[in-house]
Amino acid sequence: MKKIYFVLPLICALFLIAFLPLEKPMDELSIGAKAPMADVEVTDVSGEKLTLNDVARKNGLLVNFSCNTCPWVEAWEDRYNPIAKLAKENGIGIIALNPNAGYRNKGESLKDMKERANQSDYQFYYALDKGAKIAKVFGATRTPHIFLFNSDMELVYRGAIDDNAKNADKVEQPYLKNAIKDLVMGNQINPQTTKSLGCTIKWPR
Amino acid sequence: MNIRQLRLKYIVWIFLLSIVTSESSAQQADSKLQDITPDQLQEVVDSYQGEKAVLINVWATWCAPCIEEFPEIVKLQRNYSEELKVIFISADFPNSRDKAKEFLKEQGVDWITYFKTGKDEAFINTVSEKWTGALPFSKVIDINGNVVDSWEKKASYKKFERHIKTAINP
C-alpha cells in the first residue's frame, strides 16, 4: 500500500510532463557559454585527429555544422572558402563538423566527406562528429549551423551565414562576416543570433 | 452548310473547348499552391480561430523526413476533415516550385497549400519563435488559437493525432 503513495505521484508527474501544452525550447548553446567538448578528438578528412581547442586560434574559433547531402549547404557553399579565408586572416580557427550520424551509409561517411572536401576544394578542416555528440551538446539543429567563439572560447555568434542562401550577390545581411570583423575589432556583435532554414541533423538511431 | 462543313465546325469547337478547359484546370492546380508572406500566414492561421484546430507543417521536396511523414499528415486531414485544418507550407527554393506542385498532386492534396516567400528569419519567427529553422517543422494550434505543441523532426501518425485530439477539445 505504501508503494502506491510513492508510485502514484510519480505517474501523475510523468503524465503531466508528457502532455504539457507548451512549446519546448530547442536548447541551442547560449551566447556567452563556453565551447563544450573542446578537448574531444574528431577525425578530419585528411585522417588527422584534432580537437576544437587545437583548431582555435588567438582570436577564436568558428564551428560550422555541415554535411554532404543538404541543398542548403550546397546553396551556401560558395561562401565557405571566402569565410574560411576571412576567419584565418583574422586569427580565427575554422572547422566544419559533419553530425549526420544517422546517414553515414547514405552519403555522409568519412569517405564521402573526403570526396566532398576535394570536389569543393575546402580550405578548412572537415571532420566527422562521431555519434553527433558535439552537435548535441551545442544544441545544433540543422546544416549549415554556425557557432563563433571568442579567444576565451565563449560563444559570441550563433545562426546563419547570411540572409540569402541562394544568391551571394543579393545578400543584404552578411551576419557571419560582420560578426567576425566585430569580434576582432572588439565591437559589440549585432545580431548575436540569427535563424535560417536548413536540413535537420540526421541524428543516430 | 453541308454535313462535312458542320462536322469540321464541330471538331474545331471541341478542340477550342478542350484548350480552354485544360488551361482552366492548370490554373486551378496552380492556384492550390499559393505564395505566402509571413503577414499573410498569420492572417490565414487566425481565420480558423474558433472554428478549427490548425496543424502547420513546413516541408520541402528535398527534405527526406518531410517526405516520409507527409502521407500521415494527409491521412490526418482526411480523418479529421471537420475539426482540423492542415496548412502545408513548402520551403522549397523557387526553382523547385514545379517539383513541389507535382509532389502535392501525387499525394492527393486537394486543398490550398502555400509556398514560402521572403526572408527566412521573418518567416521562421512568424511560424514559431521556438523554431530554429530545421525541417520538417510542425505546430499544432487549438481551436482557441493556443499552441498545443511544436517540434522539429518528423513525427508518427500517433503523435500528430494525440496533439490534434487535444487541439480539437482543449
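**Figure 1. The disulfide of B:Cys63 and B:Cys66.** In this predicted model, B:Cys63 and B:Cys66 are joined with their sulfur atoms 2.1 Å apart. A disulfide here is a pair of cysteine sulfur atoms within 2.5 Å. In general, such a link is a covalent bond between the sulfur atoms of two cysteines. The torsion about the S-S bond of B:Cys63 and B:Cys66 is about 80°, so the link is right-handed. B:Cys63 has 4% relative accessibility and therefore counts as buried. B:Cys66 is buried too, at 0%. Buried means under 20% relative accessible area, exposed over 50%, and partly exposed in between (1.4 Å probe, protein chains only).

**Figure 2. The disulfide of A:Cys70 and A:Cys199.** Over all chains, the structure holds 2 disulfides. In the one between A:Cys70 and A:Cys199, the sulfur atoms lie 2.0 Å apart. The pair links distant parts of the chain, 129 residues apart. A:Cys70 sits in the loop between strand E3 (60-65) and H3 of chain A, and A:Cys199 in strand E9 (residues 198-200) of chain A. Helices (H or I, at least four residues) and strands (E, at least two) are DSSP runs, numbered from the N terminus. The link of A:Cys70 and A:Cys199 is right-handed, with 85° about the S-S bond. Both A:Cys70 and A:Cys199 are buried.

**Figure 3. A:Cys67, a cysteine in no disulfide.** The nearest cysteine sulfur to A:Cys67 belongs to A:Cys70, 4.8 Å away. A:Cys67 is buried, with a relative accessible area of 1%.

**Figure 4. A:Ser196 and its contacts.** A:Ser196 lies in the loop between helix H7 (175-185) and E9 of chain A. Its relative accessible area is 1%, so A:Ser196 is buried. Leaving aside neighbours within four places in sequence, A:Ser196 contacts A:Trp76, A:Arg142 and A:Ala160 in chain A, among others. Its contacts in chain B include B:Asp120, B:Ile124, B:Thr132 and B:Gly133. Contact means heavy atoms within 4.5 Å.

**Figure 5. The largest pocket.** This pocket holds about 450 Å³ of space. Of its 25 lining residues, the closest to the centre are A:Asn164, B:Lys116, B:Gly118, B:Lys119 and B:Asp120. A pocket is an open set of points on a 1 Å grid over the protein atoms alone, where a 1.4 Å probe fits, with protein on both sides within 12 Å along at least five of seven lines; lining residues have an atom within 4 Å of a point. Grid points are joined across faces, edges and corners, and the volume is the space filled by probe spheres set on the points. Helix H3 (71-76) of chain A, strand E4 (113-116) of chain B and helix H5 (120-127) of chain B each supply at least two lining residues. The lining divides into 10 nonpolar, 5 polar and 10 charged residues. Ala, Val, Leu, Ile, Met, Phe, Trp, Tyr, Cys and Pro count as nonpolar, Asp, Glu, Lys and Arg as charged, and the others, Gly among them, as polar.

**Figure 6. A:Asn167 and A:Asp78.** A:Asn167 is found in the loop between strand E8 (155-159) and H7 of chain A. A:Asn167 is partly exposed, with a relative accessible area of 27%. Its C-alpha atom is 9.4 Å from that of A:Asp78, 89 residues apart along the chain.

**Notes.** Residues are numbered from 1 along each chain as its sequence is written, and chains are lettered from A and ligands numbered from 1 in the order in which they are written. In this predicted model, local features need pLDDT of at least 70 and side-chain atom pairs count only at pLDDT 80 or more, while totals for chains, interfaces and linings use all residues; side-chain values use heavy atoms, with hydrogens and water left out.
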